[in-house]
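Visitor: Hi, could you walk me through this one? I'd like to ask as we go.
Guide: Happy to, here it comes.

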Amino acid sequence: MKYQLNGLFAVLLVGILAGCSTTGDKAAVGDAAVEDRGTTAVTSGVGAAGSFAGYSLDDPASPLSRRVIYFEFDSSNVSAADQDLLASHATYLAGNSGQMVTLEGHADESGSREYNIGLGDRRAQAVRRILELQGVAPQQVNTVSYGEEKPAAEGHSDAAWRLNRRVEIVYIGR
Amino acid sequence: MRVIFRTILLYLTIGAGTGQAALTIEITQGMEGAMPIAIIPFGWTGSAAAAPENIAAIISSDLSRSGRFAPLPDRDLVANPTTAEQVQFHNWRMLNVDNLVVGQLKETGAGGYTIQFQLFDVFRGKQLIGYSFPVSHADLRRVAHHISDLIYEKLTGEPGAFNTRIAYVTTANTGAQKSYTLLIADSDGYNAQTILRSNQPLMSPAWSADGKRIAYVSFENETAEIYTQDVASSERRKLAAFKGINGAPAWSPDGRRLALTLSRDGNPEIYSMDLASRALRRLTTNAAIDTEPVWSPDGRSIVFTSDRGGAPQLYRIAASGGRAERLTFEGKYNAGADFSPDGRKLAMVHGKSGAYRIAVLDLETGLLRVLTDGQLDESPSFSPNGSMIIYATGTGNREVLAAVSVDGRFRQRLSLQAGNVREPAWSPSAGN
């Protein structure tokens, strides 16, 4: 909830942050967003002003720049903090119905490879469900599971494995 | 910002085999009671000064890799007979050598050769077997492996598995790009041939029962797809490219069906595809992950991995579907099964206390035996004679292959000079 922005507000905020000499901190973004929730009437306007929408995706200070969700061992549960992050992505995608994403599911290297494909798929599906529940159209979301085949971190430590149990949100054409 | 690379490096080549072993095999745990045998360097008659292949060395290496034989080192050979008449049996009896192999390689013109060999029982002074083979240059090593099979079978009573091949996947980093290669090599690591190369993952190679085709998963189109490929001609077909997972292909023993995992109906389930019509039969219906199907050698049932009980375990289902029966109960993690060729055992990845090892379940007694001692062992595959299991393991920061005898007493390691190697699949013995 905290990071839930609607598209218009994200655009406005980017403008504000860009104009600020102090760096934008995420807490401020989140708080402001909560206050402005409910201005759903303007979301169609945001869709029309599509050229602005790109800003929030590319702004490193925007929550939308965070596109990796991490998971516990053998789990596909999305943490509360990541639920908030996904809500930001959902709001953006719902307001930009032409934007497609691929959810890439991944697993750590422990255990057998094809079972890990299953685990990566389960994680990607968990993220997909959260996005769709928040208004993202099913045809905007594609999933692929790479299992343990594309680790983000090499190595056999718990730290590496933690980074590898993940779903990456890939905005197509961005 | 993420750039999607659309340039797919893809080669469908059957390269000519080089004279070097792609996989270096090293015996890491020897076996007591291995049978002493003398394999004398073969005689050579031909236009070149030296023989094109050292046939005796190939046979000697094969037999020692089986763990059942201890070939006499060359330096201990008291004589170098190449024909039966030259053999002085009493000399070899004094060395306590049970058996002796002599042979000759002859050039017959136009790139052709004949190989002949004889196997003797030293104590009885009697020939056990003797054969002569016409052979082309390209088949010299294969005929040598075939001779190893004949010797092994004569002396142990079990078929050999030397004239077989191993499919495997290698990875290498070239700059920021990773390359994945699916290869097939002879069981001694020689004659490696590229089946497919891609800059996206390749997975799960599976042999058809006749050894002529191979199925695999390729992500070359940035989604999982199953292909089958003719090993000799390299002709391939895209067999499954449904939405979601297309994985874990497994050929039925009669070659008419392929079991596979699809998530097109929402989550991973086992299907059986008729290869002629491509009609699909869904075998499982469960909200859990159902994957990694393998056929029993009689073709009647399929064993697969499922976490329907909360953690991955092995289950068995009739090949036509129906009720699944749980097979594994020991440990929290049992997955990735392979049937022994006689259908009596299952090899699997067995996870316990954070370590993943290869274990074998005896389906008649229900006893589970852990055979390996790695941390991340996976992808077990039985040799076609059922005597060894090849699997993937790690050493340092490298992925290598290893093989262990089914009784756990004998081990060897198969590694590349550089890069990682994984997902071994031992070919059937047919298709020679």
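**A chat about the two chains**

Guide: Let's start with T82(B), which sits in the loop between β4 (69–71) and α2 (89–94) of chain B. Helices (H or I, at least four residues) and strands (E, at least two) are DSSP runs, numbered from the N terminus. One caution: this is a predicted model, where local features need pLDDT of at least 70, side-chain atom pairs count only at pLDDT 80 or more, and totals for chains, interfaces and linings use all residues. Residues are numbered from 1 along each chain as its sequence is written, chains are lettered from A and ligands numbered from 1 in the order in which they are written, and side-chain values use heavy atoms, with hydrogens and water left out.

Visitor: Is T82(B) buried or exposed?
Guide: T82(B) is buried, at a relative accessible area of 18%. Buried means under 20% relative accessible area, exposed over 50%, and partly exposed in between (1.4 Å probe, protein chains only).

Visitor: And what does T82(B) touch?
Guide: Leaving out residues up to four places away in sequence, T82(B) touches P41(B), F42(B), G43(B), V102(B), G103(B) and Q104(B). Contact means heavy atoms within 4.5 Å.

Visitor: New topic: how many residues does each chain bring to the contact?
Guide: Chain A brings 30 residues and chain B brings 39 residues. Together they bury about 2,800 Å², with 52% of it on carbon and sulfur atoms. Buried area is the accessible area (1.4 Å probe) that two parts lose on being put together, summed over both.

Visitor: Which residues of chain A lose the most area there?
Guide: Those are R113(A), E114(A) and Y115(A), which together make up 26% of what the chain A side buries.

Visitor: How many salt bridges are there between chain A and chain B?
Guide: The count is 5 salt bridges, each a side-chain nitrogen of Lys or Arg within 4 Å of a carboxyl oxygen of Asp or Glu. E378(B) and R113(A) meet in a salt bridge, at 2.7 Å from N to O.

Visitor: Which element gives the most to the chain A side?
Guide: That's α6(A), with 10 residues. The residues on that side divide into 8 nonpolar, 7 polar and 15 charged. Here Ala, Val, Leu, Ile, Met, Phe, Trp, Tyr, Cys and Pro count as nonpolar, Asp, Glu, Lys and Arg as charged, and the others, Gly among them, as polar.

Visitor: What does α6(A) look like by the numbers?
Guide: Helix α6 of chain A covers residues 113–133, and its 21 residues reach 30 Å from first C-alpha to last, close to the 30 Å expected at 1.5 Å a residue. The expected span is 1.5 Å times one less than the number of residues. α6(A) is mostly covered, with 17 of its 21 residues buried. After α6(A) comes G135(A), whose phi is positive, near 100 degrees.

Visitor: Back to salt bridges: what does R422(B) pair with?
Guide: R422(B) forms a salt bridge with E399(B), the closest N and O atoms being 2.9 Å apart. The pair links distant parts of the chain, with R422(B) in strand β31 (residues 420–426) and E399(B) in strand β29 (residues 398–405) of chain B, 23 residues apart. R422(B) counts as buried at 5% relative accessibility, while E399(B) counts as partly exposed at 21%.
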